Amino acid sequence: MTTDLGIWAVPLAVLGGALRVSTPFLFVSLGECVTEKSGRINLGLEGTLVFGAMAGYGGSLLTGSPWLGVLIAGLAGVLFGLMHGAVCSLPRVNDIAVGIAMMLLGTGVAFFFGKPLIQPAAPMLPAISFGGWSDVPQLRAALEVSPLFLIGILVAVLLAFMFKRTRLGLIIRMVGDSADAARAMGYPILPVRIGATAFGGFMAGVAGAYLSLYYPGSWNEHISSGQGLIAVALVIFARWNPIACFGAALLFGGAGALGPALQSVGVTSGYYLFYAAPYILTLVILFFTSSRNRALDGAPRELSITK
Amino acid sequence: MTMLPLNRRRFLMAGAALGASPLLMRVSPAAAASLTAGFIYVGPRDDFGYNQSHAEGAAAIKDMAGLTITEEENVAESDAVVKTMESMIQLDGASLLFPTSFGYYKPFVVDTAKQYPDVEFRHCGGLWTPKDPKNAGSYFGYIGTAQYICGIVAGHMTKSKRLGFVAAKPIPQVLMNINAYTLGARSVDPSIKTQVIFTGDWAMPVKEAEAVNALVDQGADVLTCHVDSPKVFVQTATGRGAFVSGYHTSQAPLAPQKYLTGAEWHWATVYKMFAEKALAGQPLPNFVRGGLAEDFVKISPYGPAVTEAARKQADAVKAEVMKGGYAVIKGPLKDNKGNTVVAAGKAYPETAIELETMDYLVEGVIGSTS
């Protein structure tokens, strides 16, 4: 039934893990990338992610269509994004503080409405198989890819193109880099920021639906384990570049699979250390890519952390 | 400004009234021979796991005459549990509390028990010693023996001779389950090996799913787990085509075809005993334990895939266990590094105190305790 892979199981598990685990990171970080490019930080995406997981699961259960569930999760995320965007548009409101409040609100409301959803089983999102050419069942299993992952790649490319080549991208960047310049050019600042935050909320909601409807594919109150927060940090790690966000998400997904994979081939001691691999890797990369001259490259100048 | 003194006075009066109300409330239970019991869970009570097993126990006694139950879930193993206990005592008039999570005990349950000497505390986890307050106590079940029987079923059902075990942390109770499960399987076929993956915490759904994938990739075809909520575990494992053995409570509804059997808690026995004694005004025991024979734990009904031979052997061992004194851990026994951990001729029945400091994995387990 299965082929003995020996040590090859580790790279295979890392590949499989990268494809399975990275999608929520990818969606949240792409959304947050747009939000931050417009000059706001939304730390509440962790709450939006958990709420999206609940709303997606509930939507799929009620409508019988997982894709409608994804849409409902995204729209719920839009509501959270709009709320964050609107509250932060009031004078002297700190976006980080609002984000933390939204994080607690999102998780709390999700737990409240999610109670009756823990037991029933909702229809799941389908997988696309890319491993049909291989005889190795493990490889076939690793190459089961969610359509959402492919959509995520597409969105990353589109966003990169948008920021570089389109008027819309230019406006978002200008609002995020210099509010004064945008004002002088006559572009509305608040609507752009609220719209960018709503987009970030949509993406985080969809990421939540991926968690509850594809992998690990169930709604419970521990579903996220902080992935929304890590994804926000990934944006900074990826220097506000959508393509780099994709790379960072893959890196985190793959490194997260390292711990279980090493234990499964018999490297059994030190697993707590291997579980820290994604974070150690981040520190190492940050250390080697840091530069005194380019410290703020790509950073939107209007962000409350860079201002 | 003239309103302010009045408001403050009203506020104080309201506060005093609130403060006095528990005194009034606590009179009534004794007078009417009724009892309020409080259940505190560390996670959601319908999680297909540990907390659900306790909530099922609470549900089993909720209709007893004269008994009211109150529950709170998602209470952290921190100061939060003290607040929950105090509110159950003061606002709900609870005189019997069941804080069900291991980490509640010290210092939270012990300190609160000292503070409320007329309230009874019974904690799940088996930590009470005679030095602790007399109105506290603990109860626990010997589920290792049930895992041994599940291991026998797994031993019959595996084709690859490789079992998978997704575990949270290498603490004695978890190690006991892994060892018992492995010994059960190896009593069927000594060539069977159990691969363990520790996830590092009680509830890590993504890591549990990754662990299941890694185990199946390595050829494991019967999987079990010791995590708080096995829902993700069962769904991922059966999605990859493996058989599963459940834990805490029955996960058969999640995978009717692939669910073999499982080691379940049966807390209703314990809660019924405590509630009956408390209602009758009898003193409650401080230290309560039991296994299969005492009906503290049970084994899920066999799934449709379980073969006749497997049922027969598992039932035979179960019958032996029901007689009492059955020892799963007995010498000669080696750990997976080749050291002898139990000398020949020595046997530890499930009640043996030596098993509670278990720090080894037996021969046949692929894994490490650190």
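This is a predicted model: local features need pLDDT of at least 70, side-chain atom pairs count only at pLDDT 80 or more; totals for chains, interfaces and linings use all residues.
Helices (H or I, at least four residues) and strands (E, at least two) are DSSP runs, numbered from the N terminus. Residues are numbered from 1 along each chain as its sequence is written, chains are lettered from A and ligands numbered from 1 in written order. Local features need pLDDT of at least 70, side-chain atom pairs count only at pLDDT 80 or more, totals for chains, interfaces and linings use all residues, and side-chain values use heavy atoms, without hydrogens and water.

Helix α7 of chain B covers residues 205-217. The expected span is 1.5 Å times one less than the number of residues. For the 13 residues of α7(B) this gives 18 Å, and the end C-alpha atoms are 18 Å apart, which agrees. The helix is mostly covered: 13 of its 13 residues are buried. Buried means under 20% relative accessible area, exposed over 50%, partly exposed in between (1.4 Å probe, protein chains only).

Rings of Phe, Tyr and Trp (its six-membered ring) pair if their centres lie within 6.5 Å; planes under 30 degrees apart count as stacked, over 60 as edge-to-face and the rest as tilted. W265(B) and W267(B) form a stacked pair, 4.8 Å centre to centre with 15 degrees between the planes. W265(B) is buried at 4% relative accessibility, and W267(B) is buried at 1%. Both belong to one aromatic cluster, whose members include F39(B), Y139(B) and F274(B).

Two lysines sit over rings (NZ of Lys or CZ of Arg within 6 Å of the ring centre and within 35 degrees of the ring normal). K37(A) lies over the face of F163(A), at 5.6 Å from the ring centre. The charged end of K258(B) is 4.8 Å from the ring centre of F243(B).

The largest nonpolar core has 97 residues. Such a core is a set of buried Ala, Val, Leu, Ile, Met, Phe, Trp, Tyr and Cys residues joined through side-chain atoms within 4.5 Å. Domain 1 (32-141) and domain 2 (144-264 + 299-366) of chain B both give residues to this core, so it lies between them. Domain bounds come from an automatic or database domain assignment. I178(B) is among the residues with the most contacts inside the core. Beyond four places in sequence, I178(B) touches residues including F165(B), V196(B) and L361(B), where contact means heavy atoms within 4.5 Å. A second, separate core of 74 residues includes V192(A) and L213(A).
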